Amino acid sequence: MAQTAARRRRTEERRRRILDAARARADADGWDAVTTRHLADSIGYTQPVLYGHFPGGKTEIMRAVALEGFVELAQTCRAAVGGNRGRRAVEAVAVAYLDFAASHPALYEAMFQLPLDARFAQEDAESELREGFAALADAIGDDGDGTVTELLWAAMHGLSLLERAGRLRAEHRDDRVVELAARYCR
């Protein structure tokens, strides 16, 4: 029993090292620079060990990083909302979301722009995706079919991409957030 627990712990530690190395490399040089050879070298293991943890290679690693990102985003949004309700909650979640996207561009790219083979907007969606969606739905009090939350998410995603590309006036961000919240809290 103790050997099994120790083996599981070592397996999880190696898995964590692989994901951390992938995220660090993507943060530094983009996802194109993340290769199984580089990851194996950076953590001191062979490629077969890496594939033992992630049989799907880089794609599976990016998916695992992205799913963790949804958990982080949900936690960030929930913490920002705190006890706020209505307009204040929407403003808080929008700022948290936009700040998250700006602070973690490689992670955000893995979450929303790279192919993930994840089941967005489906009944059997991964729990990490459902949790991220629920954090946004809770902020706006969407107890319907999720359409309103999808619109908020789409608006924030569009804003984050336009901000990142420098296509929006940075000095008007607060105004955009206030206007977005006003539209969801009429």
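Glu179 and Arg183 form a salt bridge in which the closest N and O atoms are 2.9 Å apart, a salt bridge being a side-chain nitrogen of Lys or Arg within 4 Å of a carboxyl oxygen of Asp or Glu. The two residues are four positions apart in helix H9 and are therefore separated by about one helical turn; helices (H or I, at least four residues) and strands (E, at least two) are taken as DSSP runs numbered from the N terminus. Glu179 counts as partly exposed because its relative accessibility is 37%, and Arg183 counts as exposed at 52%, where buried means under 20% relative accessible area, exposed over 50% and partly exposed in between (1.4 Å probe, protein chains only).

The model is predicted, so that local features need pLDDT of at least 70 and side-chain atom pairs count only at pLDDT 80 or more, whereas totals for chains, interfaces and linings use all residues. Residues are numbered from 1 along each chain as its sequence is written, and side-chain values use heavy atoms, with hydrogens and water left out.

By the rule for salt bridges, the count comes to 14. Side chains of opposite charge can pair when their charged atoms come close. Arg78 and Asp138 meet through their side chains at 2.7 Å, N to O, and this pair links distant parts of the chain, with Arg78 in helix H4 and Asp138 in helix H7, 60 residues apart. Arg78 is partly exposed, with a relative accessible area of 33%, and Asp138 is likewise partly exposed, at 47%. A salt bridge also joins the side chains of Arg173 and Asp99 (2.6 Å, N to O); here Arg173 lies in helix H9 (residues 173-184) and Asp99 in helix H5 (residues 86-103), 74 residues apart. Arg173 is buried at a relative accessible area of 17%, whereas Asp99 is partly exposed at 34%.

The structure holds eight aromatic pairs, for which rings of Phe, Tyr and Trp (its six-membered ring) must have centres within 6.5 Å, planes under 30 degrees apart counting as stacked, over 60 as edge-to-face and the rest as tilted. Phe70 and Phe112 form an edge-to-face pair, with 5.2 Å from centre to centre and 75° between the planes; Phe70 belongs to helix H4 and Phe112 to helix H6 (residues 105-112), 42 residues apart. Both of these residues, Phe70 and Phe112, are buried. The rings of Phe70 and Phe120 have centres 5.7 Å apart and planes at 65°, so this pair is also edge-to-face, and Phe120 lies in the loop between H6 and H7, 50 residues from Phe70. Phe70 has 3% relative accessibility and so counts as buried, whereas Phe120, at 30%, counts as partly exposed. Ring pairs link Phe70, Tyr97, Tyr108, Phe112, Phe120, Phe133 and Trp153 into a cluster.

The largest pocket has a volume of about 420 Å³. On a 1 Å grid over the protein atoms alone, a pocket is an open set of points where a 1.4 Å probe fits, with protein on both sides within 12 Å along at least five of seven lines, and lining residues have an atom within 4 Å of a point. The lining of the largest pocket comprises 23 residues, of which Ala121, Gln122, Leu129, Arg130 and Phe133 lie nearest its centre. H7 gives the most to this lining, with seven residues.

Key. Grid points are joined across faces, edges and corners, and a volume is the space filled by probe spheres set on the points.
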